[in-house]
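Welcome, and take a moment to turn the model around before reading on. We will go through it together, one feature after another.

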Amino acid sequence: MPVVLAAASRGLKAFRDAFSARAVLVGCLGSVLLVLGSLTPAYLPRVSPLTRAMASYGLAGVEWTWIGTVITMAGLALMLEFWLRVRPARRESRGQPQLRHWAMLAIVAAPMLVAPPIFSHDAYSYAAQGWLLNNNLNPYLVGPGILPGQFADQVAWVWRDTPAPYGPLALRMNHWLIVLVGFDPYWSTVIMRLPALIGVGMIGWCVPRIAGRFGINPAAASWFVLANPIVIIDFVGGAHNDALMMGLAMMGIWITTKWRTWWWGAVAVGMGAAIKQPAVFVAVALPFITHPWTSWRLRPLAAAAARALASLAISVAVFALLSVVTGLGFGWVNAVDVPGKVTSASPFNLLGEAVEYLLNQVGIDQGGKMAVTVMRSLGLLVCAIGIVWLALRHLGRRPLNFTGWGLLLSAFTLPALHSWYLLWGGVLFPMTRPNTRRLRIAIIISAVLLAYEAMVFAVRNGTWLVALLLIWAVWESVKAHELTQRWDAKAPQESLAAS
């Protein structure tokens, strides 16, 4: 009992300290503004119970679209400012005590817990897919639009007739969750935040502990991940299932580092892949955490390859078992191209569309997609070559570098890129001990992708000028901070075997 009371006392102190920091209040205000913006026609689905309720109060006019956009952009700018202000190196240089990042995350994210999805409408699709399962329809075979009604009405039109690309465990959880709230269309969407919160909790637990095991400053690692506006906005606010996917993947890494048993870590990664498939990439690296590969001689090379393949096989087997147990099978294979059906910030996709535009101007391939297809294929080739290069350079001695950079490379080279895709590798970014230049680039890219997501909505709402003002504010905010951070907590350890 005294241990529990002591822990509770420490937790309350962490909350008090965080709440007394002005920077945390700035982040909380930003979160409140994002929630208020999400309650306007600027971000709500055109047809939903909440949209009708807002309209009944006279909050559905064009002026409220502008107001919602302005409020949302201000919230984004404040969230970024919060992240930069609570950087451990900045507080240390000012003689301020360090704050517990889980407490800051809880305070800043709290306003979002019962709000509609922020920015992305994917959670509406999750709820609609659960509704399909409740009506004995397979989301791998049909889209939400096959069942007209309140669930389908909330789904973005581009996804209404597309099958689900997610893992079978995610779909089955979607079904359980809408049953839990009695099939209420609004709360069925809000409760999709629960798995995301569990995933964020796993990430928050694992990041400082994994960092400490590899000689990395746990406070710095927690700051980059848990105070990151993309984590708060996309994982908590947007309720993306990528959060639970990466939570389980990080749990697999932590199990491997804690108990030096990569096979149990591979089981956790397989469960993550059953939420969303990219998690399986992590399985390859797990054995190298405890058994580094240091020689090109045949025997150690064969042993390293055998362990990597065994770890991958365990994860795939868990994924396959869950596919059978859930009764959904492997229908996601038919939907692997679904995320790429919309324009996103993917560099190769944008380059393909630019080339396509030029070709169309001179009368070549008018109305076709040849350039986009070629550029997307080039992106996949670059991804494959890059992963091989990362494996040769990092996998043997620096498996977390390989995993983090490999997932980031995949996010940037696949046909679709959204801000939350960056978090696949972003949660492992501190483990690479980035120098000041890489940290600055990471912060700028995070800000740019957030601004891009905001710009997409602003253009859709005819309020692009407001988004331009946001981009200017973000740029000024980044310039005003010295983006440095010390990562090492002690002598570096490249693998647990070296400790």
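This is a predicted model: local features need pLDDT of at least 70, side-chain atom pairs count only at pLDDT 80 or more; totals for chains, interfaces and linings use all residues.

Residues are numbered from 1 along each chain as its sequence is written, and side-chain values use heavy atoms, with hydrogens and water left out.

Let us begin with helices, which are DSSP runs of H or I with at least four residues, numbered from the N terminus. Helix α14 (residues 242-259) packs against α11 at an angle of about 30°, the two axes being 8 Å apart. Here axes are lines fitted to C-alpha atoms over the stretch in contact, and angles run from 0 to 180 degrees between N-to-C directions. Because angles under 35 degrees count as roughly parallel and those over 145 as roughly antiparallel (65 to 115 is roughly perpendicular, the rest oblique), α11 is roughly parallel to α14. Their crossing is left-handed, a term used if the near helix is turned anticlockwise from the far one by less than a right angle, with right-handed meaning clockwise. The contact of α11 with α14 involves 18 nonpolar, three polar and three charged residues. Nonpolar means Ala, Val, Leu, Ile, Met, Phe, Trp, Tyr, Cys and Pro; charged means Asp, Glu, Lys and Arg; the others, Gly among them, are polar.

For another pair, look at helix α18 (residues 347-361) and helix α19 (residues 370-395), whose axes come within 7 Å and cross at roughly 150°. That makes α18 roughly antiparallel to α19, and the crossing is right-handed.

Now for the spaces. Rolling a probe the size of a water molecule over the atoms shows where empty space is left. On a 1 Å grid over the protein atoms alone, a cavity is a set of points where a 1.4 Å probe fits but cannot get out, while a pocket is an open set with protein on both sides within 12 Å along at least five of seven lines; lining residues have an atom within 4 Å of a point. Grid points are joined across faces, edges and corners, and a volume is the space filled by probe spheres set on the points.

The second largest pocket holds about 460 Å³. Of its 21 lining residues, H101, W102, G204, W205 and L226 lie nearest the centre. Helix α11 returns here, giving the largest share of that lining, seven residues.

The largest cavity has about 70 Å³ of space. Helix α9 (residues 168-180) supplies three residues, the largest share of its lining, which has eight nonpolar, two polar and no charged residues.

Finally, there are 18 aromatic pairs in the whole structure. Rings of Phe, Tyr and Trp (its six-membered ring) pair if their centres lie within 6.5 Å, and planes under 30 degrees apart are stacked, over 60 edge-to-face and the rest tilted. F15 and W102 have ring centres 5.2 Å apart and planes at 85°, so this pair is edge-to-face. Since F15 lies in helix α1 (residues 2-19) and W102 in helix α6, the pair ties together parts that are 87 residues apart in sequence.

Terms used
Helices (H or I, at least four residues) and strands (E, at least two) are DSSP runs, numbered from the N terminus.
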